[in-house]
Amino acid sequence: MSAGENPVVLGTGLTKIGRRWEDSLSDLFAEAARQAVEEAGINPQALFLGNMSAGVLDSQEHLALSVEDGASVFPLVPAFKVESACSSGGSALVAGYMAVKSGVYDAVLVAGVEKLSEEPSDAVTSALAMAADSDFEAYYGASFTSLNALLMRSYMRDYDVPRSWLSEIAVLMHKNALDNPYAQLRKAITVEDVENSRLIADPIRLLDCAPTGDGAAALLLAKPELAKGVDPLVELSGVGVGVDTIAVNGRSSLSDVPATARAAKAAFSAAGVDPKDLDVLEVHDAFTIMAALAVEDIGVVPKGQGAKFFHEGSAERDGDLAVNPEGGLKARGHPVGATGVYGAVEVVRQLQGKSGKMQVPNAEVGAFHNLGGSGSHAVVGVFKRRK
Amino acid sequence: MKPKNGVSVYGWGSYVPPYRLTVAEVSRVWGRDPKQYEDELNVKEKAVAGPDEDSATMAVEAAKNALARASVQPSEVGAVYVGSESPPYAVKPTATTVAEALGIGPLSLAADLEFACKAGTEGLQAAIGLVGSGMVKYGLAIGSDTAQGGPGDHLEYTAASGATALVVGPLSPDAAASLEGSVSFVSDTPDFWRRYGAKYPSHGEGFTGEPAYFKHVEGATRALLEELGLKPSDFDYVVFHQPNGRYPLTAARDLGFSPSALKVGLLSPFIGNTYAAASITGFSAVLDVAKPGQRVLLTSFGSGAGSDSFSFVVTDGIEARRPKAKFVMDYVKKRVEIDYALYLKYRGGITLGGGAK
Amino acid sequence: MTVPKYWRKIDAHYRLEGIRCKSCGKISYPPRSSCPYCHSKDVEVVKLPERGKVVSFSLLRSPPKGFEGYVPYYVAVIELENGVRVFGMLTDVFSPDGVKEGTPVEAVFRKISEDGDEGLIHYGVKFRPIG
């Protein structure tokens, strides 16, 4: 991708994640979109919206148009829903990146919105299982959690990783979220809490899993010429997408995620950086195992060393590389289609120095990782603070 | 009755689910003395199908065992009969599901039969006719049931789950057994029935004995012996329908068969009454051990009422076929005891909210 | 699940069939109209072996809709005797140790789910520990 300059971020917006009974999908979108648009001082020319389940859980397709109309934060613009399961947000960002870098649009709003708290849990479980193969995984009773459980079991066995090292990841996420005003879960937990929590799909327990909740995030991407006097200015320097088979039985390995490795390689190449250049990293910890796998597959540490990286304290805010300083999916929350945009916004705010108590000092280069399915569609994006 | 062209049994196979509900446990729930039923019925426990099983799934496993022994390609099977009084659908044939699962068809006859506990041997009679007439090369007859009795009812102690399949084809010494002849004997005798919409069957208690079971089992058997010019002492094995562990012993005594000839084929003390599978599962157990040259009598009984009676002579081909599939006793010995609550959960006595039953 | 969606996959679900690519020779599951390895259209349906071993598994306690009656149940990736991997549900697991990586299993035809009291019964293959 070399046509045109890299887009820059002119505004961001986030909502608190939780059971937002009083807010519809449009209301949540409005809250995040208004923050981003007012900060940017300009209206977008197009909307790219990540969402996975509104058709099933809210009876609303045609979602991007539906929420921009319901919100009416800016005049109606071409609106595209982008869906790739839990990486819908990341994919929406890729679409926005391509739209601005190619010169087709000058400024776009990339957003994600999801509501998961209103239907009974078995209906939500079934909706999320749509990320898996409906004919050959969901048909045979797979829940999304159970597919990730297969990976956790294989990983622990292949690399001789103690269970407690994975539990510690959840503990760190909760500790980080204590400082996060928009996080869904703001309560410290211990390793014992994780290991005594309810078994969902062995070996995954309740406190290994990100909670389900409602939320929206937005960021306004524009061509650099529109950034008048914005300082610090953050640029989206590169994106990468990696894919693999939809169903677990087709993967070459059950203890790593090649899709993430492919996405990271492409993103770093486009941005001209290495993993060691990163100051902050947001990974897709839908389950504690996924955090361990992500830092390996992204190339921060060698295969099998991911859980150890967290165990040794290297992922703390003041560690070698801060990972999920806002609490990650586990504690900040995981409104599925919005998650990728949350991760992107969190990186941007770190590079802008706007992360308050969660700030990683002197953050200049950051990346976010967003994973769809049990390892089938990964998005990695690299942001840099422009000097 | 003898078909124009001779017919042999090529393959036999059974399936009995692993779960067992004891007479003692049912007695415990209903406040009865377990000895009453254990002694009266000579039944210790019954086999119960699990939550992911039904007459179709059991029929498929039994048929796979039978087809393995028969060593025939599914494409050579021209007829599939599934006899059951507990088919998964009221309208939609089990036989087509079973045929698809086995790779049989599309050029095949397929039908479901109902005649209470003799629906399996009904299918056998029909398959014999089709093979003997030359219309099909091989026929597959299956009896499969997940029978249930009403809560606390007499039949709850014995109504069980199981399946047996038989593959018949043209007469050959390479087959397992050749058919000497058969008889069917029916009358409108209302000893046991279930109206549409009723969840559990009704029955005549004692009426199911003399005027029903014994009249038809003995009537059919006597007619067969007379037609073939045979006497009880000509038989090495005899298998009767076995609603409990007592009736077959009484019938054997009435007809002049020795109790020792009954032993191998009498399984209801251990697995209960598997209804359309009952008599043919006993027959399957006999074929698991019988030697070439031995003669076997099989007489079923179905309420409503009727009996099919067959005489078979075991042929040389049986030895090579026998090891190709699991034995009935392999299934009987695989035993997982459950309590009454699990039994209700597995067999649909408790309705889950929209969940798998 | 609509009736046609179920019916289209009956062969794969009932008989555990995959495809063999006549161009590159590889066997894959589930059946597709083109080879997932070399993308040739020259593929034929093949019956897969009915025996295999467990590669990884999970005992599931929070089920999706329609599977409550089986809880707890195992899902697993199974490697069949010819090396092809399939994903499936296990059944009849009676050992107190449950299953392990490497447990040998055989395919059995079972009920998978039901579309309520009045809809279709969905059948397919599950995997049962051998012995």
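In chain A, the domain assignment, which is automatic or comes from a database, gives domain 1 as 8–119 + 213–226 and domain 2 as 132–211 + 233–386. Before I go on, this is a predicted model, in which local features need pLDDT of at least 70 and side-chain atom pairs count only at pLDDT 80 or more, while totals for chains, interfaces and linings use all residues. Residues are numbered from 1 along each chain as its sequence is written, and chains are lettered from A and ligands numbered from 1 in the order in which they are written.

Now the two domains of chain A. Their C-alpha centres are 22 Å apart. How many residues of domain 1 are in contact with domain 2? There are 38, and they meet 33 residues of domain 2; contact here means that C-beta atoms, placed from the backbone, lie within 7 Å.

On the domain 1 side, β1 (8–14), α4 (88–101), β4 (107–114) and β7 (215–222) of chain A each give two or more residues. Helices (H or I, at least four residues) and strands (E, at least two) are DSSP runs, numbered from the N terminus. The most comes from α4(A), with 8 residues. By type, this side has 20 nonpolar, 15 polar and 3 charged residues. Nonpolar covers Ala, Val, Leu, Ile, Met, Phe, Trp, Tyr, Cys and Pro, charged covers Asp, Glu, Lys and Arg, and the others, Gly among them, are polar.

Next, chains B and C. Here 20 residues of chain B are in contact with 22 of chain C. On the chain C side, α2 (10–15), β7 (104–114) and β8 (121–129) each supply two or more residues, and β7(C) has the largest share, 6 residues. That side divides into 9 nonpolar, 5 polar and 8 charged residues.

Key
Contact = placed C-beta atoms within 7 Å.
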